[in-house]
Structure formats: C-alpha cells, structure tokens
Amino acid sequence: MASNTEMAPLSPKGMGSDTTRIRTSSPIARLLRRPELGALSGVILIYAIFFAVAGDSGMFTIEGIINILQVSAEIGILAAAAALLMIAGEFDLSIGSMIGIAGVIIGLSATVYGMPLSVSFLIALVICAGIGALNGLVTVKTGLPSFIVTLASLLILRGLAISITRYVNGYTQIPKITQSDPDSIVISIFGARIGQPVFAWMADHGWIAARANGLPVVEGLPVSIVWWVGLTLLATWVLLRTQFGNWIFAVGGDPSAARNVGVPVHRVKIILFILTAVAAVLFAATQVLAVGSADTLRGTQKEFDAIIAVVIGGTLLTGGYGSAIGAMLGALIYGTVQIGILYIGIDSDLFKVFLGLMVLVAVLFNNYVRRRATQER
Amino acid sequence: MTPIIELQSVYKSFGTVVALQDLSFAVYPGEVHCLLGDNGAGKSTLIKILAGVHPPTRGTYLIDGEPVQIGSPRQALDRGIGTVYQDLAMIPLLSVTRNFFLGREPKIGWGPFARFDVDHADAIVIRELAEIGIDIRDPSQAVGTLSGGERQCLAIARAVHFGARVLILDEPTSALGVHQAAIVLKYVAQARNRGLGVVFISHNIHHAYTVADRFTLLNRGRSRGTYARSEISRDEVLHVMAGGEDLSRLEAEISRLGEQKRLHG
C-alpha cells in the first residue's frame, strides 16, 4: 500500500472501469427522456380517434378548430405559468380565484371609478402580483405546503371578490366595462381577434363559412391563442436556456442541494408565484375585454384545469421535472376533448370522466418515464 | 511551508453542548489529511467550521497563514475551499451539465437576453470528466443515471473546476462498493498530486489508510493527535477509530458469549 502515491494516470477505458459496460444512449432513449413524450402521444392518439369518429362532423372545419384552440389557449395561458411553478415543486390553487378578483378589479376600476381600461388593467396586474408574492412569501416563510397556503387564498380571494363587488355594485356582475373606453389599446392586446381581413377574404371566396350578410362566422383568430403560444415559447426558453430555468428545475428537484450551491431558493419560488398570478390576470383580461363584462365567479375551478393540463403534459407533481411545451399539449388535449365530445354526439358530461382517466394514465406514464430517465445505468 | 488552511485552538459549542475543545488542525498543499473519529467525535463540526457553515466560538481560522472570518459557505468557496457534502448537492433528475454548473451557469448574450450557454457548458463537462477517466456518454443525461462513484467524482470535479485549492470530502466512499470506492480514491490521489490539499473524512480504515498522508484522530471533541502515515500502523488507527478500550472490552464480552454458547449448546 506504500506505492499508492505513484498513481498511474487513469485511462478512460481503464481495467475494471465501468465505462467498459456502457452503451451509448440512442436517439430513441433520448426521446424517451423528454417529458413531453406522453402528451405528444396523447395528442396524436386523440386526433386519430376524433378523425375516425368525427372526421366529417364539422369538428375539423375552421370554426371547430378555432373553438378548440380558444378553449385550449385559455387553459394553456394558465398552464404555462403553473408548469414553471410545479417544476419548482409548488402548487397554486388560487389561480381561479385570482382570475375572479382580477376581473373584478379591472371592471370596478373602469366602471365605478372611471379609470381608462389600460390603467384598470395595470392596477389589477400590480395588486394580483402582490397577492402572488404574498402566496409565495407565506409558503416559503412558514414552510407549509403551498397546497394549503393557496387553498386558503382560493377561499379568501373568491370571498373578497364577491363581497367587494356586491358592496360597491349592489350585485355580483359588472357589465359594460368596455363601453366608456372602447378604443383602449388593451382591448386589442387581449380581447381582439386578429387577421380579420384574411378571414373576410377567405369567406368571400367561400373557403370558410359565412353568415347571410357575407361576414365570416369566425371573424378572426382570438388573440388569446397568440398569448398562449407566446407564453409557452417564453417559458420553454426560460426553462431550457437560462440560468433562472436551471434554478427552477433545481429548486423543485432538491431544495437543500440547490441552496448548498448558492441558488436563492426562496426568491425563485416567490417569483414563480408572482408569474402564476400574472398569468391569471392575463386570462382575466382576455375574457373581460373580449366579452366586456366581469363576473365574480369567473375562473372557478380553473386552477384544476391548469394543473390537469400541466400533469398531462408530463410535469411531475413533486417537481424537478417537466416542460412548458408539455403543458401546452396538455391544454390542447383538454380543449380538443371538451369541444370534440360535442361533435361526436355522446353525453358531454362524460368529458370529466375522460379527463379523470387521462390524468391517471398520464401520471402513471410520467412515473414510468421518470424511472427510465434516472435508472438506465 | 504554510498550511493552506489551519485552525488554532478552536473551541466550538452549541448552547451547552461542547462540540470541539482546543482543537488545532492544518492542511498543507499536496496532502491528504484524513480526519478519523467515531460518530459524535466532532468531525462534522470541524468540517462545517472549515466550510464556513459555522464560525468557531473561540480560536483562530487561518487561510494561507492569514487569520480570516468566514461568514458563509459562499465566502469559503470564493477563497478556494470546496466542500463535497455527503448528499453531494447533486439533483438526480437534473442533467450532468446542469448539475455541474448549478448556481454558476456560464452565460452568453446581453442583459435580459443573457442565456445559459449550454453547448459551452456541455463541452467543459465532457472535457473535465474525460480528464478523470469518466467517459460520459451524454452530458444531458440525468445525474441519477450515473453510478455512485461517478457521481462522487463529478461533485469533486465540480469543486476543482470552480477553483478549489482545498477539498473537504465528507465520507466520499462510505456509500460505495469496493470498485466505485477505488475510482474515487484514485481521483483523490490525483487531486493531491496536482497540489491540492484534501481533508478526507471516513469511517473506513482501508479507504483512509490507502489514500491519507496524515491522520488526525478525534475523540469527544478533542484531538488525540496528528500522525504521519509512517508513524502509525493500520491497527493503531483502527484501535483509536473504534473507540480504543471500548473495543477490547467488546471483544472480551463477545468471546464470553461465544463460550456460553459452546457450554449450553
């Protein structure tokens, strides 16, 4: 044992080194490691089924597709932010109530207090971001599960939204929000339909369905779809190509290990709670400004829809692993099934049955993929 | 030669519990200094002081002969003291590259568009690991797919890459099989040969005696002395590690039980 200071340099394929037993990872193995894989297979499967069953029912006309995309976009805006938060190991159950209170703030500021719509939107953004920060702060400082903390927020915010609106307005709806400021820029940012000339042109040529007056049934692409795609791409870029994205994965994977190498765990989580709240405000804005009215019950149960889309999209409930693209595909599955079930003419109440089964299958599949991803030695 | 890090007459207590008393300890460049002692002997406290997790209650901490106050692990790191904890600070689901650079991601680009330079990072990881004989197939694979020895080496390589001059290794081989442990021990010896100081904590006498140049034996928060390997035999080290007299008593007791079994069986 005296000679061990004269250690020979190690050869990469040294005798007994485990490198001799290694197989290189094939492109298929790499593909299997992607969190989106399950959701992508799901999308393909579901479209195959709907093509077979409802291919000629009108589901795949431009109206049908826009309907699907619009439903998917609304869930998807929330899911993009919820995915980042879940990858960081936390939940936000207050998303739905946040949508309600954001709508109420926009509505009351514009109608009762006569603010311009853009100012109303900014007020909602600031207040809700503050509430999001509070959600995060309470979660990291108390060490309570975010499930409990945001469950409390779910109740508190919904109760406040209803009670404030009733106190100020006399009843729980706020109509005619966009009337005083119909040309506001925020309407075109959140509530408009884009590409209207193109759609009109297509209707003129008889390519898409038109009303009796010659205008197309679908006037344009809802701008929420653009938000959905944009937010998903942004979230994906952050996750895969920025330092902050690396921290999100680390914080969800092992908070104490992350802290040991200098990652500001609390700060990362609080920022993500704020982002989720901001996504809820965007959702509220797309609804309120497109429809022109707010309802205190808006957004009820949207927190679950967002979580469902994220989980179907391959993100682990326990954090540390997941994808924003997956959440987008999860939202697309949600929207496709919800609209598609109307076209195939079966009881639409079965939608929830299907969704429940889908979540169960997705989680089982995710667990399988994760085991493969981490134990292929 | 000046030690890279040195503790002089350090005393550390947590409330009423005295963890270390009048302890002096030094690590020179190019040596593996093995810290031995039973559970509760004060090994963890000692390395936490060195790593900047706890300040000493009394006594002096010197780096390159200069007295210093280290307030956080980050400061210790900045002064070249790299600690590899038992749990490795590695995240199993995260890729090799992402783990390696976690908290110190190389960036390209400007302002809000600065991005994590993944390709550059991948290239560094492949090079660093090839240098220590780990042929990594794909730096984007999860750390969970690496063997225990590879993971340990990755953690050490990370500390070295980010400028550690002293490595504090907390039980680096305790959870490993013979083969995996050998990989780690070879790497520790390589690091030592490159002039790094290594503090090596172990329960395993075979691992410790294989790689160490000097031993410091701890017992109940006090040093029982520091010995060069030539001054102390494997059995003597074992004797102290196992708690000295306790072991002789235990052996006597067990042989008595054996006698009884023979008589009654």
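## Terms and model

Helices (H or I, at least four residues) and strands (E, at least two) are DSSP runs, numbered from the N terminus. By that rule, chain B has nine helices and twelve strands.

This is a predicted model, in which local features need pLDDT of at least 70, side-chain atom pairs count only at pLDDT 80 or more, and totals for chains, interfaces and linings use all residues. Residues are numbered from 1 along each chain as its sequence is written, while chains are lettered from A and ligands numbered from 1 in the order in which they are written.

## Chain B overall

Along the principal axes, the C-alpha atoms of chain B fill a box of roughly 80 × 50 × 35 Å. Of the 265 residues in chain B, 46% are buried (20 or more other C-beta atoms within 10 Å of the residue's own, with C-beta atoms placed from the backbone).

## The sheet

Strands of a sheet pair through backbone hydrogen bonds, either parallel or antiparallel. In chain B, six strands form an open sheet with mixed pairing, in the order β6-β9-β10-β3-β11-β12; two strands pair if DSSP finds at least two bridges between them. At the edges stand β6 (81–84) and β12 (222–228) of chain B, each with a single partner strand, so one side of each has no neighbour in the sheet.

Strands β3 (residues 32–36) and β10 (residues 197–201) of chain B run parallel and are joined by four bridges. The bridge partner of B:L35 in β10(B) is B:I201.

Note on methods: Buried ≥ 20, exposed ≤ 12 C-beta atoms within 10 Å, placed from the backbone.
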